[in-house]
Amino acid sequence: MVTLSLHTGIRWKLSIAIAAVSTLVAIVLSLAVHNAARVSMLDSSRDVQDGKVSAAQRVYEQNPEKNPERLFGYKIDDPDLPGALRDAVEDGQRATYLEDSGDGAPEVWAAVPLSDGKVLSIHSRVEDKYDVLADLDRTLVIGSAAVILGGCALGVLIGGKLSGRLRKAATAAGKITEGDTGVRVRDAIGGRVRDETDDLARAVDGMADALQQRLEAERRVTADIAHELRTPVTGLLTAAELLPPGRPTELVRDRAQAMRTLVEDVLEVARLDSATERAELQEIALGEFVTRRVKVFAPDASVRVVRDATAHTDPRRLERILGNLLANAARHGKPPVVVTIDGRVLRVRDHGPGFPPKLLADGPSRFRTGRDDRAGFGHGLGLTIAAGQARVLGARLTFRNAAQQTGGDGVDGGEPQREGGAIAVLWLPESAPTDTGSIPIINPRGLRKA
């Protein structure tokens, strides 16, 4: 089932809401004013007709010989007199009657019984008053349109300011997510107005401060523990060298060396997390540099140079990234391992089961190999260190799995594809990095990771 969603900004939502309310209020008020004016005009017309018929009655009673129809436009015993008005007059009352057929202006009747038993009446259309009412309606329409447009403009203005503050807050929060610990949301939104966005900014800044303090505390603890372990591990390696040759001695030396490697990796991760590492840049030819290092790290791997290029980067850190990617391919993938150089883009491809879904979704994480069980080996630090060194270089490191197909040329430099495989791609920048972590890791789903 597909669910469609409409994404609109708060500016337009607020504008639509204010416009809707303004329209409703304008329509209700216009109708109320129109009806009140119409009722007032008709009542005034009935009062005028009533006054005229009363004056005509006095004149007729004083001089019955005069013809009121000729003098004043009145009629005696008009056969067109409405029945309701005739009934009221027959009861001895002077009355008025409004006849509205819906075709043009209504007619106002007035009638009065005479002393000789006849009925004197008059009627006329209220054309002039309806012209005034039409002018009033036009004025109400113009006024309503002005109110609606003003409401829309006010909504855009208020919503735009609020939307702008929220967008600034979102941008600042995104920078914090990318690792820029010096950014604060409250400083980013600025302004003198104190509203709910300031409360949100304070909360986000407080959360960022608390999280930064916690991460820094964890980093210090990790670094301190690794540093304290370095001396006894070094002593253990030295003592293992004094053991007599044999299988037990080899096992002790192997485990001691693995422990020493782990301690050094943890210290390196702690240094990378501190965001104090800086690259020592040199101009290197990528094709020659990568070919030599691959021969040392993975003699069985093949190198394809699609397009050679020079890069202004730190060769020591680039060597560390390349070595960790090759070690990960050898440990978790299957041969053949292919390294492709296409300009400033380096790809390391194996033909194993591919990267685990958790790594593709969340990026590399220390002490997590991506396996669901505990049978796997490794500490998950290799890709974490590679990602950290890539940030120091201002590069991007992406991870994805190859398409499930066999035979033919691959899309990553032309190497033949087999079933599956993991692909790590390092994108070196065109210019030298200006700060540590200037470009974050981007995973295949487009999620930005700190």
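This is a predicted model: local features need pLDDT of at least 70, side-chain atom pairs count only at pLDDT 80 or more; totals for chains, interfaces and linings use all residues.
1. The protein chain has 450 residues, and 36% of them count as buried. Its secondary structure comprises 11 helices and 13 strands. The accessible surface is about 26,400 Å², with carbon and sulfur atoms contributing 55% of that area.

2. Four strands form an open sheet in the order β1-β4-β3-β2, and the pairing is antiparallel. At the edges sit β1 (75-76) and β2 (95-99), each pairing on one side only. Five bridges join β2 to strand β3 (residues 107-113), again in the antiparallel sense. To see one of the bridge pairs, look at E99, whose partner in β3 is E107.

3. Helix α1 lies across β1, β2, β3 and β4 (119-125), at about 35° to β3. Helix α3 (residues 83-90) lies across β2, β3 and β4, and its angle to β3 is about 25°.

4. Finally, a word on the surface. V21, V25 and L29 form a nonpolar patch there, and together they have about 270 Å² of accessible area. V21 belongs to helix α1, which spans residues 10-62. V21 counts as exposed because its relative accessibility is 52%, and the cut-off for exposed is over 50%.

Terms used. Residues are numbered from 1 along each chain as its sequence is written. Side-chain values use heavy atoms; hydrogens and water are left out. Helices (H or I, at least four residues) and strands (E, at least two) are DSSP runs, numbered from the N terminus. Buried means under 20% relative accessible area, exposed over 50%, partly exposed in between (1.4 Å probe, protein chains only). Accessible areas come from the Shrake-Rupley method with a 1.4 Å probe; for residues, only the protein chains shown count as cover. Patches are made of residues with over 30% relative accessible area and no salt bridge: like charges are joined within 9 Å, nonpolar side chains (Val, Leu, Ile, Met, Phe, Trp, Tyr) within 5 Å. A salt bridge is a side-chain nitrogen of Lys or Arg within 4 Å of a carboxyl oxygen of Asp or Glu. Two strands pair if DSSP finds at least two bridges between them. Contact means heavy atoms within 4.5 Å. Axes are lines fitted to C-alpha atoms, for helices over the stretch in contact, and angles run from 0 to 180 degrees between N-to-C directions.
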